[in-house]
Structures are given as C-alpha cells and as structure tokens.
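Open the structure in your viewer and keep the selection tool at hand. This tour goes stop by stop, saying what to pick and what is there.

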Amino acid sequence: MKKITGILMVSLFISLIACQTKKKDVTTEKLPNIVIIYTDDLGYGDVGAYGETEIKTPNIDQLANNGLLFSNGYASSATCSPSRYALLTGVYPWRNKNAKILPGTAPLLIDTTQVTLPKMLKEKGYTTGVVGKWHLGLGNGHIDWNRHIAPGPREVGFDYSYIMAATADRVPTVYIENGDVCRLDPNDPIEVSYKKNFPGEPTGKDHPELLKMMYHHGHDGTIVNGISRIGFMKGGKAARWVDENMADTFLVKAKKFVMENKDRPFFLYYAMNEPHVPRVPNPRFVGKTNLGPRGDVIVEADWCIGELIKTLDNEGLLDNTLIIFSSDNGPVLNDGYYDQAVERNDGHKPAGPLRGGKYSLYDGGTRVPFITYWKGHIQPGKSDAMVSQVDLLSSLAALVGSPVRSKDGLNMLDVLLGKSHKGRDELIEEATTRTALRKGDWKMIPPYPGPAINKQVNIELGNSKVYQLYNLQDDIGEQNNLAEKEKQKLKEMMQAFEKIRGKNYKKTEKLILK
Ligand code: NG6
Ligand code: CA
C-alpha cells in the first residue's frame with residue numbers, strides 16, 4: 001500500500017511539473033521588449049535583403065538573415081499619417097475621414113479614448129516610448145508652440161516622446177520632448193501658419209538664392225537650414241533642427257530610452273525620418289552610394305539601426321527583444337526637391353518588381369519591407385504569408401497575454417514568429433482615401449476618376465475608368481488586367497470588397513459612375 005501511495009505521489013509530482021512546464025510560456029516569463037523600427041518612404045526594392053545591390057544595408061539585412069523576411073508585408077496606406085494611424089490603433093485608416101497627410105498644425109488624429117498599441121502594452125506593465133516622426137497631429141486644433149503641447153503621444157499611451165510634429169519638410173522644424181519644444185527661447189516665440197507667411201520671414205518662393213536645396217514642387221515656404229518647407233514659421237530660431245543631425249539626434253534618444261528602461265519590459269517605436277524629403281545626410285554619409293542623397297540617407301538609416309542593435313546586444317537584451325522592421329509607405333524619387341534622386345537613380349528600382357510607389361494603389365504603394373527578428377525565438381527564414389501593420393496591435397497583444405484585439409487587425413502572432421505561414425486571406429489597401437482589395441493571390445482595384453499618373457512625382461496612381469484585376473502570383477508587377485477575362489473572379493472580389501468597405505464603397509461607386 002505504502003509503495004503504491006509512493007508511486008502515486010511521484011507520478012502526481014511529475015505531472016505537476018509537466019503541467020507547469022507546459023504552462024510556462026512567454027506570458028509567465030519576463031515579457032519581451034518590443035522595438036518597432038519604422039522607416040519613412042522606404043521601398044520594397046530599397047533594401048539588400050529584398051534584392052537591392054546599389055545601396056548597402058548590412059544591418060537591416062542582418063535582421064532579415066537572422067530573422068524572418070516577409071515578401072507580402074503591407075503598410076496600411078500609401079502615405080504616412082494613415083499608415084501610422086493604423087499601426088497604432090489597429091483600425092483601417094479609410095474608416096477615419098481625417099486620416100490623410102496632415103499639416104504640422106493638425107489636431108491629434110487618434111481619439112484619446114481609443115485603444116492603442118502603447119496603451120495596451122502599458123496595461124501589461126511596459127514602459128513605452130516614441131522617438132522620431134509623429135505626423136499624427138497634436139493638440140486640439142489651436143496649438144501654442146510656446147506652451148506645453150497636449151494632447152499628443154502621452155495621451156495615446158507613450159510614457160516618453162521625442163518627436164517632430166509632422167514631417168521633415170513641414171513646419172514647425174523643431175523637436176518636441178514630452179510635449180515641450182526643445183531649446184525654446186521664450187524671447188523668440190514660435191508662430192506657425194499653413195495659410196500665410198509672417199512679414200519679413202524669407203520663403204523659398206521669394207528668396208531662392210538663399211536655398212542650398214531647391215524645391216521642385218510645393219515646399220516653397222519658410223526657409224530653415226537653407227531648405228524651404230511646407231508652411232510658414234516665425235521665431236524659435238535656437239530650437240530649429242539641423243537636418244544633417246536629425247538621424248543622429250533620434251538615434252541618441254532611442255538609445256537613451258533603451259538604456260534607461262533596460263530593466264523592465266519596454267516598447268520603443270523608433271520612427272525614423274529616412275529616406276523622406278528633404279534628404280540631407282550627415283557629412284559622414286555623403287557619397288556612400290552613387291545614387292545621391294536618397295541612397296546616402298538609406299545607408300545612414302541602416303547605420304543607425306546597426307547602432308541601436310549594438311546597444312541592445314551590449315546590454316544583453318537581444319534575446320529578449322522582438323524587433324519589427326518596416327516602412328510607412330512605398331518609395332518616391334522626386335517628392336518635391338531637386339536632390340538628384342531621379343538623375344542619379346541609375347536603374348535602381350526602389351519598389352523592386354512592384355508597380356507604382358508612394359501615393360499609389362498598386363502594390364508599390366503599400367507592399368513594403370517587413371522583417372521580424374527575435375534572437376533565439378524566431379527561426380531565420382522567409383515567409384510569403386500576407387501580413388499587415390494593422391495586425392500589429394492584436395498580434396502583440398497576443399504576445400504579451402493581453403485580451404485586447406483591434407477592430408481590423410488579426411492576431412498574426414504565430415505568423416510573425418514564423419510558427420505559421422497562414423497569413424491574412426484578405427486586406428484592403430489604401431492610397432489617398434481610395435481603396436483596393438487583395439484577396440489570396442488576387443488584387444482588384446475598382447475604377448477611380450483622376451489622373452493615371454501623378455506627373456510631379458512620376459508615379460502611377462492606379463486610377464482607371466475600368467476595373468483592374470491582377471493575379472499577383474503570376475504577375476507581381478500588375479501588368480496584365482484580367483478583369484475582362486475572369487468575370488467570375490472579378491465578381492467575387494467585388495463582393496468581398498463591398499463586404500468590408502460597406503456603404504462607403506457604394507457611395508464611391510456612385511461618384512465614379514456619375
Ligand atoms: C505631400 C508632399 C510630399 C510629402 C508628403 C507626405 C507636396 C507637393 N508634397 O503633400 O513632399 O511631404 O506630402 O509624405 O507638398 S508622407 O510620407 O509623410 O506621407
Ligand atoms: Ca512616408
């Protein structure tokens with residue numbers, strides 16, 4: 001009897017241990033740090049790991065070679081603010097009529113009561129930080145740049161923020177740390193307008209002789225650091241940034257955030273400026289490629305990424321940090337300045353094999369580099385599963401054991417970690433409020449009025465009087481419109497599209513048919 005009891009005790013003990021081991025998953029261990037490295041306007045074809053040879057990107061390639069490279073990873077929009085909105089909220093940008101490219105004076109786009117990625121992580125005990133480009137609006141519509149600026153990153157869930165308000169080519173050209181403009185001299189207050197210039201302030205339009213980089217289209221407003229911007233600004237002279245130092249400045253802040261929070265789980269949203277216009281590399285990187293400033297700033301960004309990885313490595317954090325690398329939209333060569341991007345491009349294909357680029361409904365607008373890396377946790381390889389940045393909130397919630405799920409995002413955690421190759425079945429792509437459907441291997445673009453090409457940036461937008469239907473498996477470059485041939489498939493796609501887009505889609509249709 002004693003023996004039997006003993007055996008029973010031992011087996012109970014073993015099964016308890018087994019049960020505990022089984023339960024021991026990422027949520028009961030120390031939660032991993034999460035770093036999202038988000039480049040600006042970097043194309044599918046701009047990175048070595050995606051086939052680029054002219055621009056050397058060893059650090060991004062290292063993430064890809066030792067992590068997971070996605071060939072069907074998508075930004076939610078072909079422009080910045082809408083993509084960032086979707087990334088942080090898990091809501092498709094076309095649901096929010098204000099999710100368009102925002103001026104520097106726009107109010108905060110994200111509702112402060114809305115679920116967000118940083119808020120979800122904060123609830124799980126993360127310290128959250130954003131360093132870099134914000135471009136999601138600030139304040140309630142009337143910002144006084146000389147006082148504390150709110151609501152902003154803090155109100156949507158970031159404990160720490162070091163940002164530029166909008167874009168590098170828009171005023172105000174100052175850094176804002178935790179809601180306050182850095183290095184602001186109270187005797188030289190900042191005023192900003194997108195409507196009219198301030199008397200006596202030189203603009204690119206009136207004083208092109210003061211420019212070190214000439215504008216091509218737009219960008220003829222206030223001159224800062226020899227470059228004219230979109231919009232007008234007065235004052236804040238000591239606070240204005242120097243473009244040549246921007247990448248270094250953000251890197252220093254990103255590294256500092258990591259160092260200060262290395263003992264707790266942290267989330268860093270490192271929103272890099274490169275290779276958005278104006279492209280002004282630090283002198284250390286000038287001439288690193290034969291492609292002019294656009295190539296050089298990509299090399300500079302790659303170097304910064306390497307430095308950040310080094311910091312994580314030196315602190316012993318790499319095997320406990322999930323890194324996600326991507327871009328907010330597809331590439332553009334001439335985005336408003338004469339910076340030799342077109343002249344020196346020399347056959348380089350910034351969108352790789354994809355059609356279109358930034359602003360486009362073709363895949364070049366939204367299919368972007370997308371890499372996940374987590375030392376010791378992600379088996380290196382490639383994945384052709386379809387994933388979108390709109391999925392990150394739900395997927396990362398699953399990673400940290402949060403029940404939060406977003407409206408449009410799916411839990412793609414296993415896909416992001418390479419444990420499954422079953423990605424999304426369908427996805428709405430967006431470009432300047434127009435939308436298209438990708439479902440399986442198929443892509444359908446409904447008819448849209450408007451020019452086929454944006455001549456200023458020389459990019460095909462995807463507008464056409466007729467339906468477009470492509471099989472991306474056979475025709476990644478969206479050249480062969482099968483809408484006439486594959487009537488049944490087109491019908492299916494239209495139905496699936498309408499199911500997601502709902503009445504809005506019908507409204508759009510009416511508008512087009514008029
Ligand atoms: C466009 C700008 C472009 C760029 C873009 C925003 C003009 C003519 N063009 O309106 O230069 O700033 O907005 O880019 O002004 S994004 O990546 O932030 O969406
Ligand atoms: Ca962008």
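The stops below go from the domains to the sheets, a metal site and some single residues. Keep in mind that this is a predicted model.

**Stop 1: the domains**

Colour the protein by domain. Domain 1 takes in 31-190 and 236-420. Domain 2 covers 194-234, and domain 3 covers 428-508. Now find the centres of domain 2 and domain 3. Taken over C-alpha atoms, they are 38 Å apart.

**Stop 2: the sheet of 10 strands**

Show the strands as a cartoon. Trace this order across the open sheet: β6-β5-β4-β3-β11-β1-β12-β13-β2-β14. Its 10 strands have mixed pairing. Which strands stand at the edges? They are β6 (180-181) and β14 (381-388). Each has a single partner strand, so one side of each has no neighbour in the sheet.

Strand β5, residues 175-177, runs antiparallel to β6 and is joined to it by 2 bridges. Select Ile 176, and you will find Val 181 of β6 opposite.

Next, select helix α2, residues 58-65. It lies across five strands: β1 (33-39), β2 (68-74), β12 (321-327), β13 (370-373) and β14. Against β13, α2 runs at about 65°.

**Stop 3: a residue inside β12**

Select Ile 324, which sits in strand β12. Is Ile 324 buried or exposed? Its relative accessible area is 1%, so Ile 324 counts as buried. Show what surrounds this residue. Beyond the neighbours within four places in sequence, Ile 324 is in contact with Val 35, Ile 36 and Ile 37, with Phe 370, Ile 371 and Thr 372, and with Leu 392 and Leu 396.

Then try a distance. Ala 341 is 17 residues from Ile 324 along the chain, and their C-alpha atoms are separated by 27 Å.

**Stop 4: the calcium ion**

Select ligand 2, a calcium ion. Asp 328 and Asn 329 are both buried.

For comparison, six octahedral donors would ideally give 90 or 180 degrees.

**Stop 5: an enclosed helix**

Select helix α3, residues 80-89. How many of its residues are buried? The count is 10 of the 10, so α3 is largely enclosed by the rest of the structure. Among them are Arg 84, Tyr 85 and Leu 88. Now show the elements around the helix. The buried residues of α3 pack against β1, α4 (117-123), β3 (127-133), β11 (266-271), α7 (392-400) and β15 (426-431). Step past the end of α3 to Gly 90, where phi is positive, near 70°.

**Stop 6: the sheet of 4 strands**

Select β15, β16, β17 and β20. In that order, these 4 strands form an open sheet with antiparallel pairing. β15 and β20 are the edge strands; each has a single partner, so one side of each is left without a neighbour in the sheet. From one strand to the next, the twist averages 20°.

Focus on β17, residues 442-445. Trp 442 and Met 444 lie on one side, Lys 443 and Ile 445 on the other, and all are buried.

Look to β16 (434-439), antiparallel to β17 over 3 bridges. Leu 437 stands opposite Met 444. In the hairpin between these strands, Gly 440 has a positive phi near 60°. Then turn to β20 (468-471), which 4 bridges join to β17. Here Ile 445 is partnered by Gln 468, and Lys 443 by Tyr 470.

**Stop 7: a buried loop residue**

Finish at Glu 478, in the loop between β20 and α9 (487-513). With 0% relative accessibility, Glu 478 counts as buried. Its contacts beyond four places in sequence include Lys 443, Ile 445 and Tyr 470. Arg 355, Tyr 362 and Asp 363 are also among them. Pro 353 lies 125 residues away along the chain, with 9.5 Å between its C-alpha atom and that of Glu 478.

Note on methods
Residues numbered from 1 in each chain as written. Chains lettered and ligands numbered in written order. Predicted model: local features only at pLDDT ≥ 70, side-chain atom pairs only at ≥ 80, totals over all residues. Heavy atoms only, no water. Domains from an automatic or database assignment. Pairing = 2+ DSSP bridges. Contact = heavy atoms within 4.5 Å. Axes fitted to C-alpha atoms, helices over the stretch in contact; angles between N-to-C directions. Donors = N, O, S within 2.8 Å, 3.2 Å for Na, K, Ca; no water. Buried < 20%, exposed > 50% of the residue type's maximum accessible area, 1.4 Å probe, protein only.
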